[in-house]
Amino acid sequence: MFWQTFITVFLSVFIAELGDKTQLATMLFSTENEAPRLAVFAGSALALTVAAGLAVLAGSVIMRYVNPGALKLVAGLGFIAVGLWTIFSRGA
């Protein structure tokens with residue numbers, strides 16, 4: 001069960017992070033001539049690790065008070081709403 005969860009979470013987060021603003025910011029930091037590439041990688045990796053840790057902690061607290069099925073429904077509807085807003089929003 002561990003590896004199935006690990007692979008599912010890894011692939012989901014990896015695909016979601018490709019081309020997002022965090023990855024673009026990291027890429028821009030690495031283009032600066034004076035920026036040590038290892039420092040850019042380490043800073044970015046640590047920030048993502050801490051953010052993921054906070055998400056896991058928040059999820060473990062929220063699950064005590066909210067039914068997981070209801071949480072999945074609300075999260076799913078939220079993603080659909082953001083997707084529809086993205087598709088139908090106007091602007092440049």
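How much accessible surface does the protein have, and what share of it belongs to carbon and sulfur atoms? The accessible surface comes to about 8100 Å², of which 76% belongs to carbon and sulfur atoms (Shrake-Rupley method, 1.4 Å probe).

This is a predicted model, in which local features need pLDDT of at least 70, side-chain atom pairs count only at pLDDT 80 or more, and totals for chains, interfaces and linings use all residues. Residues are numbered from 1 along each chain as its sequence is written, and side-chain values use heavy atoms, with hydrogens and water left out.

Begin with the whole chain in cartoon view. Four helices and zero strands make up the secondary structure (DSSP runs of H or I, at least four residues, for helices, and of E, at least two, for strands). The C-alpha trace spans about 50 × 40 × 25 Å along its principal axes.

Next, select Val-13, Phe-14, Glu-17, Ser-44 and Leu-48, which lie nearest the centre of the largest pocket among its 16 lining residues. A pocket here is an open set of points on a 1 Å grid over the protein atoms alone where a 1.4 Å probe fits, with protein on both sides within 12 Å along at least five of seven lines; lining residues have an atom within 4 Å of a point. The space in this pocket is about 460 Å³, a volume being that filled by probe spheres set on the points. Colour α1 (2-17), α2 (21-31) and α3 (37-65), each of which supplies at least two lining residues; the largest share, seven residues, comes from α3.

Finally, select Val-13, Ala-52, Ala-55, Val-56, Gly-59 and Ser-60, which line the second largest pocket. Its volume is about 230 Å³, and α3 gives the largest share of its lining, five residues.
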